[in-house]
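Okay, thanks for making time, everyone.

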Amino acid sequence: MEQFDPVLDYTLKMGRDTVLIGMNENVHELSRVGGGRTHNHSRFELHVILDGKCQIDVDGISHMLQAGQVMVIAPGQYHRITPAVSGCERLTVGMTVGDTALWQRLSDAVLVQNCLDLTPHMIELCRGILSESETKKPFGRELMRVRMVELTVLVLRMLGLREDTLPPQ
């Protein structure tokens, strides 16, 4: 499994599979003209748009996302994120999954639907992550980690993945 250097991480067990979930502690703001460079990873990524609008190009197809949406990008997909207006706030969560049945099911689900509308609760989870990041209160990193895991599990559910349909441990 690819290792990346997240500030916050958590290992989630799903059936026989292990999912390493990680994120940087702070929101990313895209404000430069022209956006980022096209790149890819060997991990899944969740790009949650919290404010503004962003254009996310995935394998040559442009998607316009607005606040309250998430784009799920599969390993190997070339992508680039650019602001559609003066700025775009986003939160990025990485998921490293071994080459297993879960990896295949998640890859298949992302090919069918990679842009999802978040529920109000999921947006509150993201805002909670940001609030804890900014205030640096005691146990804040633990709360951020719990919210990150809950957000990730809810996105997995939206993609139709269920732990009870995976091979047992």
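Let me start with a question: is C115 exposed, partly exposed or buried? C115 comes out as partly exposed, because its relative accessibility is 25%. For the cut-offs, buried is under 20% relative accessible area, exposed is over 50%, and partly exposed sits in between, using a 1.4 Å probe and protein chains only.

Before I go on, some housekeeping. This is a predicted model, where local features need pLDDT of at least 70 and side-chain atom pairs count only at pLDDT 80 or more, while totals for chains, interfaces and linings use all residues. Residues are numbered from 1 along each chain as its sequence is written, and side-chain values use heavy atoms, with hydrogens and water left out.

The partners are C54 and C88, with their sulfurs 1.5 Å apart. The link is left-handed, at -125 degrees about the S-S bond. It ties together distant parts of the chain, as C54 is in strand β4 (residues 44-58) and C88 is in strand β7 (residues 79-97), 34 residues apart. Strands and helices here are DSSP runs, numbered from the N terminus: E and at least two residues for strands, H or I and at least four residues for helices. C54 has a relative accessible area of 0%, so it is buried, and C88 is buried too, also at 0%.

Then there's C126, which is buried with a relative accessible area of 0%. L50 is in strand β4, and at 6% relative accessibility L50 counts as buried.

On to the helices. How do α2 and α3 pack? Helix α2 (residues 120-135) and helix α3 (residues 140-158) have their axes 9 Å apart, at an angle of about 155 degrees. The axes are lines fitted to C-alpha atoms over the stretch in contact, and angles run from 0 to 180 degrees between N-to-C directions. So the two helices, α2 and α3, are roughly antiparallel, the word for angles over 145 degrees. The crossing of α2 past α3 is left-handed, that is, the near helix is turned anticlockwise from the far one by less than a right angle. Among the residues making the contact are H121, L125, C126 and I129 of α2, and L143, R147, L151 and V155 of α3. Contact means heavy atoms within 4.5 Å. The contact residues split into 11 nonpolar, four polar and three charged. In that scheme, Ala, Val, Leu, Ile, Met, Phe, Trp, Tyr, Cys and Pro are nonpolar, Asp, Glu, Lys and Arg are charged, and the others, Gly among them, are polar.

Staying in helix α3, have a look at T152. T152 is buried, at 0% relative accessible area. Setting aside neighbours within four places in sequence, T152 touches I21, L46, V93 and M95.

Last stop, backbone angles. Most residues other than glycine have a negative phi. D59, in the loop between β4 and β5 (61-66), has a positive phi, near 50 degrees. D59 is partly exposed, at 44%. F139 sits in the loop between α2 and α3, with a positive phi of about 65 degrees. At 64% relative accessibility, F139 counts as exposed.

How values were computed: Parallel < 35°, antiparallel > 145°, perpendicular 65-115°, else oblique. Disulfide = S-S within 2.5 Å.
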